[in-house]
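Subject: Structure for your review

Hello,

Here is the structure we talked about handing over. My notes on what turned up in it follow below.

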Amino acid sequence: MNPGDRVRVDRGGTTYQGVLMPSTTADRLVVKLDGGYNVGIDRADAETELLESDVYDVESAQDTDEGASEIQFDEDLPTISLISTGGTIASTVDYRTGAVTAQFDAEDVLRAVPDLAGRANYRGRVVANILSENMTADIWQDLAHAVHEEVEAGADGVVVMHGTDTMQFTASALAFMLDTPVPIVFTGSQRSADRPSSDNVMNAVCAVEAAKADCAEVLVCMHATESDDRCALHRGTRVRKNHTSRRDAFETVGAQPLGSVDYDTEDVTFRREYAERDGVDLDIRPDLETDVELVKFTPGMDPSRIERLSDAAGLVVEGTGLGHVHTDLIPTFESMVDSGTPVVMTSQCIEGRVCDRVYDTGRDLLDAGVVEAEDTLPGTAKVKLMWALANVDDESVAATMRRSVAGEIQDRSTPWQ
């Protein structure tokens, strides 16, 4: 028996039926069940029957000097690049210890999700192999270059596998750094493949379908509900992870998701206007100013905390309500602006936009030169300021933060739930 064969395994009175997967040890079998989940079984305790050979014809990848590889199924299918950065969706289980580690490369993910077979020609590429809390700006830049190279080489779409904790930051970074004529779809998994409720299979399948569709934007594709029925497609600069563990943790703030993918029918539907495929020429502006801080104002905050950031290249503030802070902080902000450090105001409220023209504090902030970021999400505002400081003229940074570059600012913020 070989990986890709369909097997029946009996162990201790329990029968497992599914596809035999590659195993990290000869002592254990790994079987992907029909529901999409993996089970590890000791060979010595199991009776195995071959049901069908080569159910999934996933060819062995041929590594190149650049670390890229290609697996082809059908010349008539579109080419989708699978780029791995690590995270739960790219994790595997050591069935000896039960530990979950981020060690799969893109090809391993393809083998672990055989439902992807036959949907596209795949190119696999590993940019990083980290948990997303370890993401850094230089990896954003490496990822942007990798995506640019894949599209330049003819990819019809790109799926980026990423840990969920910081996915919204990376998606925003690529949205600012790249002009793309094809879809760039981020996806991940809230629950690892060894768990019965894992969302890795459905999210990966829906992400590939979205990457084949017409919306040439940076998207985040994750469960739309707790059920395995559809995935939501969120604009990368408007999405927020709003739950620590639910499978439908991601939401578009201030509007409906841009679209959705029906898992059963594979239909991709868009509700709002979007950038169409081949609407722009491929371009990259990957420079980032990393000396930018994001600070949440809270009552009783020590003003010296802000003063210690006076030498930063840029500062984004999460103010209360319409964009407020204690009046004692305003002189420090004014001094920073006068010395050339842009200070950008966002709101720590989930919905709505900054408007510092209503109350005296807000007017004083505007007089101090603080820039309103409209309804830009705080994390997105930080990434945008990092990009703006490195790519636009100094006198244009404030204007750039006030206008929408990659769909991060909406004309209206309208709750949709």
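**Charged pairs**

Arg119, Glu209, Lys212 and Glu266 are joined in a network of salt bridges. Please keep in mind that this is a predicted model. Over the whole structure, the search finds 19 salt bridges.

The side chains of Arg125 and Glu149 meet in a salt bridge at 2.5 Å, N to O. Arg125 sits in strand 10 (residues 121-130) and Glu149 in helix 2 (residues 137-152), so this pair ties together parts that are 24 residues apart in sequence. Arg125 counts as buried, at 12% relative accessibility, while Glu149 counts as partly exposed at 34%.

Arg285 and Asp179 also form a salt bridge through their side chains, at 3.1 Å, N to O. This pair links distant parts of the chain, 106 residues apart: Arg285 is in the loop between strand 20 (283-284) and strand 21 (292-296), and Asp179 is in strand 12 (residues 178-179). Both ends count as partly exposed, with Arg285 at 25% relative accessibility and Asp179 at 28%.

Arg246 counts as partly exposed at 34% relative accessibility, whereas Asp248 counts as buried at 14%.

**Aromatic pairs and helix 3**

The structure holds 2 aromatic pairs. Phe176 and Trp387 are stacked, 6.0 Å centre to centre with 25° between the planes. Phe176 belongs to helix 3 (residues 167-177) and Trp387 to helix 8 (residues 378-391), so the pair ties together parts that are 211 residues apart in sequence. Both Phe176 and Trp387 are buried. The other pair, Phe270 and Tyr274, is tilted, at 4.6 Å centre to centre and 40° between the planes. Tyr274 is partly exposed, with a relative accessible area of 26%.

How many residues of helix 3 are buried? The count is 10 of the 11, so helix 3 is largely enclosed by the rest of the structure. Among them are Met167, Leu174, Phe176 and Met177.

**Negative patch**

On the surface, Glu334, Asp338, Asp360, Asp364 and Asp367 gather in a patch of negative charge. Helix 6 (330-338) and helix 7 (360-367) are the elements that give two or more residues to this patch. Helix 7 gives the most, with 3 residues. Asp360 lies in helix 7 and is exposed, with a relative accessible area of 61%.

Regards

Methods
Residues numbered from 1 in each chain as written. Predicted model: local features only at pLDDT ≥ 70, side-chain atom pairs only at ≥ 80, totals over all residues. Heavy atoms only, no water. Phe/Tyr/Trp six-rings, centres within 6.5 Å; stacked < 30°, edge-to-face > 60°. Helix = DSSP H or I, 4+ residues; strand = E, 2+ residues; numbered from the N terminus. Buried < 20%, exposed > 50% of the residue type's maximum accessible area, 1.4 Å probe, protein only. Patch = residues over 30% accessible without salt bridge, like charges linked within 9 Å, V, L, I, M, F, W, Y side chains within 5 Å. Areas by Shrake-Rupley, 256 points an atom, 1.4 Å probe, with all protein chains shown as cover. Salt bridge = Lys/Arg side-chain N within 4 Å of Asp/Glu carboxyl O. Lys, Arg positive; Asp, Glu negative; His and termini not counted. Charge placed at Lys NZ, Arg CZ, Asp CG, Glu CD.
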